[in-house]
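Me: I've got a model open and want to talk through how it's put together. Can you walk me through it, starting with what the words mean?

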Amino acid sequence: MTSPTDPPNHFDEDVAATYDADVAAMSAPEVLGPTVDLLAELAGDGAALELAVGTGRVALPLAARGVPVHGIELSAAMVARLRANDPGRTVQVTVGDMTSTRVPGTFRVAYLVFNTVANVTTQEGQVACFRNAAAHLEPGGCFVVENGVPQLQRLPSASGTSRSRSRPSTWASTSTTW
Ligand SMILES: C[S@@+](CC[C@H](N)C(=O)[O-])C[C@H]1O[C@@H](n2cnc3c(N)ncnc32)[C@H](O)[C@@H]1O
């Protein structure tokens, strides 16, 4: 259920219904494994908080490694998919906005992956998101943000910026490095 005060969110029922299939390549062990390894290492014997947990792509394999994981997620439709993916309730979830929603407990690591910081479209909102992550962390805890950084050559031309002339036929098809 959404309320009129919720921030706009693209992840409605239609998107949630096909999300796992649509991002299957990003769930492959060779892609996800290093991410889960890093988060499990950072969590140590503590807990992890995922901002924008979605359907549990990262949270579920991290919980399977024995790390207690709590997720915050704005979309009730995505949470319903997470629940379906997690019949044993290995991941706790709170429906809410990651810029302001607080959950009980403290965490060794908080993380926000898959470019999702960009779903918050104002600087004020992104700062609130970082503040909220920090408020959940134990002293010495860590906030991990994964975000694609476009290659300068792939950005549209702008004053003072020029695209690479050396590989004009390849710049538009170069894959994103994560
Ligand atoms: C690209 S998906 C990533 C889901 C998951 N973290 C993953 O890696 O598969 C983006 C998620 O962010 C959620 N989201 C967007 N804005 C949010 C906000 N302000 N607070 C909490 N969740 C948000 C969306 O509902 C969606 O589930």
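Reply: Buried means under 20% relative accessible area, exposed means over 50%, and partly exposed is in between, with a 1.4 Å probe and protein chains only. Helices (H or I, at least four residues) and strands (E, at least two) are DSSP runs, numbered from the N terminus. This is a predicted model, where local features need pLDDT of at least 70, side-chain atom pairs count only at pLDDT 80 or more, and totals for chains, interfaces and linings use all residues. Residues are numbered from 1 along each chain as its sequence is written, and side-chain values use heavy atoms, with hydrogens and water left out.

Me: Good. Which residues of α4 are buried?

Reply: A77, M78, V79 and L82.

Me: And what do those buried residues pack against?

Reply: They pack against α1, α3 (59-64), β2 and β3 (91-95). Contact here means heavy atoms within 4.5 Å.

Me: Let's stay with α1. How do the axes of α1 and α4 cross?

Reply: Helix α1 (residues 13-22) and helix α4 (residues 76-85) have axes that come within 8 Å and cross at roughly 35°. The axes are lines fitted to C-alpha atoms, for helices over the stretch in contact, and angles run from 0 to 180 degrees between N-to-C directions.

Me: Left-handed or right-handed?

Reply: The α1 and α4 crossing is right-handed. That label applies if the near helix is turned clockwise from the far one by less than a right angle, and left-handed if anticlockwise.

Me: Which residues meet there?

Reply: From α1 you have E13, A16, A17, Y19 and D20, and from α4 there are A77, M78, R81 and N85. By class, the contact of α1 with α4 has five nonpolar, one polar and three charged residues. For the classes, Ala, Val, Leu, Ile, Met, Phe, Trp, Tyr, Cys and Pro count as nonpolar, Asp, Glu, Lys and Arg as charged, and the others, Gly among them, as polar.

Me: Switching to rings. How many aromatic pairs does the structure hold?

Reply: Two. Rings of Phe, Tyr and Trp (its six-membered ring) pair if their centres lie within 6.5 Å, and planes under 30 degrees apart are stacked, over 60 edge-to-face, the rest tilted. F11 and Y19 have ring centres 6.1 Å apart and planes at 70°, so that pair is edge-to-face. In the other, F130 and F143 are also edge-to-face, at 5.0 Å centre to centre with 80° between the planes.

Me: Where do F130 and F143 sit?

Reply: F130 is in helix α5 (residues 123-136) and F143 is in strand β5 (residues 137-145), 13 residues apart, so the pair links distant parts of the chain. F130 is partly exposed, at 40% relative accessibility.

Me: Back to the F11 and Y19 pair. Is Y19 buried or exposed?

Reply: Y19 is buried, with a relative accessible area of 14%, while F11 is partly exposed at 22%.

Me: What does S75 touch?

Reply: Leaving aside neighbours within four places in sequence, S75 is in contact with N9 and F11. S75 lies in the loop between β2 (69-73) and α4 and is buried at 6% relative accessibility.

Me: And L112, where is that?

Reply: In strand β4 (residues 107-112), and L112 is buried at 0% relative accessibility. Not counting residues up to four places away in sequence, L112 touches several residues, including L51, M98, C129 and F143. The C-alpha atoms of L112 and F143 are separated by 7.9 Å, though they are 31 residues apart along the chain.

Me: Last one. What pattern does the protein follow along the sequence?

Reply: α-α-β-α-β-α-β-β-α-β, with five helices and five strands. Buried residues make up 37% of the 178 residues.
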